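Hello,

Please find the structure we spoke about below. My notes on its aromatic rings follow.

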Amino acid sequence: MTPAGPAARRAGARRAPLLLAAGVCLLAGLDAALVLLGLPAPVTGDRLPQVHGVLLVLGFAGTLVALERAVALGGRWPHLAPAALGGGGLLLLTPVDLAVPRLLLVAGATVLTVLYTRFWQRQPGPALIAQGAGAVSALGAALLWLGGLDVPRLLPWLVAFLVLTIAGERLELARVALLAPRAEPAFLACVGAVVTGVVTTLMWPAAGTLLLGAALLALVAWLVVHDVARRLLRSTGLPRFSAACLLAGYAWLGLAGALWLLGGPVAEGSRYDAVVHAVFLGFVMSMIMAHAPVILPAVLRRPLPYHPGLAVAAWLLHGSLILRVVVGDLREIRGAWQLGGALNIAAVLLFVLTAATSSVTATRRAAAVSTTTPPGPDAGPVPVPADPRNDR
């Protein structure tokens, strides 16, 4: 493969610091996870465990979402969203007063919400309604945290941010398969139920949590039925890997919805840990793994070919989650919870390392080919894989 042209490479280089900020937030969040598991950690501190959840959801995942949206929209000012979210995440790691990073997270979520209004002006649709609702949920979470609400009370808002964002992305891809006429109204009904449940948890936690759990189960059912992942599961290579990650992620999101529906609100203990990590590791991280080989090349203008090591990391993640959540949390076996948690961290690190190594190797190989092969009369740079969601 011939590498992207100089302009594309420069654009990718300018975005690299934002991706680096997300990476630092991820590593710090994993370090905080070791502290919370009661295991030895490279860095310890009183603040890290307190900001663990927000750091990973808004600092890490939020920066990735905002960066991908900024690239899709184009221009410079949209990059304020990932810059503020990444900067806020990094400041959470410093001794600065918490009000400062909290304000930056509010600013980043605000700009992200504005981005979706610009997308709406280009091409409105149900997928953007879901993604916009996700951005508003992120803004609500940031504002509520700025106002002093604790993270367990923010959990439904943080969940809605990433779940609705990802669901909107999947709807965009599902529409390629010509959805039935009733599919999109049903999708919007699920989105509305999720948003209603999230808002209701603030005033009536028990009723809101039950509604949110039922809404998540309905959304999972919609995704399983209409997502193209089921059709790709019989393929090979990257399509099969992505499809497997997607379906496994839906299973974990369904478990979280069932725990909320059957158990009601919970703010601590093993069931809280089960819900949190079923959503953010089982669902969100699995979605990141599934989409990384397409999204990261589009953002950084560097190739990321599929490597079997990515699948090893993904199945280590899901296997260790079974140990942590099903055995450790739901059966309250501390050793399984700790071992599963440690293997969760190992799986994420293995995925990052494999992806980085694969990308660097492919970039060097492509550069070597381009310097040894004389260009033909019609030769030109071969673009990195395009994200179909950019065609708005």
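**Aromatic pairs and a few contacts**

Helix H4 spans residues 99–122 and holds both Tyr 116 and Phe 119. The two residues are three apart, about one turn of the helix. Both of them are buried. Keep in mind that this is a predicted model.

The structure has four aromatic pairs. Tyr 116 and Phe 119 form a tilted pair, because their ring centres are 6.1 Å apart and their planes meet at 50 degrees. An angle under 30 degrees would count as stacked, and one over 60 as edge-to-face.

Phe 241 and Tyr 306 also make a tilted aromatic pair. Here the centres are 5.5 Å apart, with 45 degrees between the planes. Phe 241 belongs to helix H10 (residues 237–263), while Tyr 306 is in the loop between helix H11 (269–300) and helix H12 (308–329). The pair therefore ties together parts that lie 65 residues apart in sequence.

Are these two partners buried or exposed? Phe 241 counts as buried, at 5% relative accessibility. Tyr 306 is partly exposed, with a relative accessible area of 30%.

One charge also sits over a ring. The charged end of Arg 102 is placed over the ring of Trp 145, 4.4 Å from the ring centre.

Last, look at Thr 354 in helix H13 (residues 334–372). Thr 354 has a relative accessible area of 13%, so this residue is buried. Leaving out residues up to four places away in sequence, Thr 354 touches His 307, Gly 309 and Leu 310.

Best wishes

Terms used
Residues numbered from 1 in each chain as written. Predicted model: local features only at pLDDT ≥ 70, side-chain atom pairs only at ≥ 80, totals over all residues. Heavy atoms only, no water. Phe/Tyr/Trp six-rings, centres within 6.5 Å; stacked < 30°, edge-to-face > 60°. Helix = DSSP H or I, 4+ residues; strand = E, 2+ residues; numbered from the N terminus. Buried < 20%, exposed > 50% of the residue type's maximum accessible area, 1.4 Å probe, protein only. Lys NZ or Arg CZ within 6 Å of the ring centre and 35° of its normal. Contact = heavy atoms within 4.5 Å.
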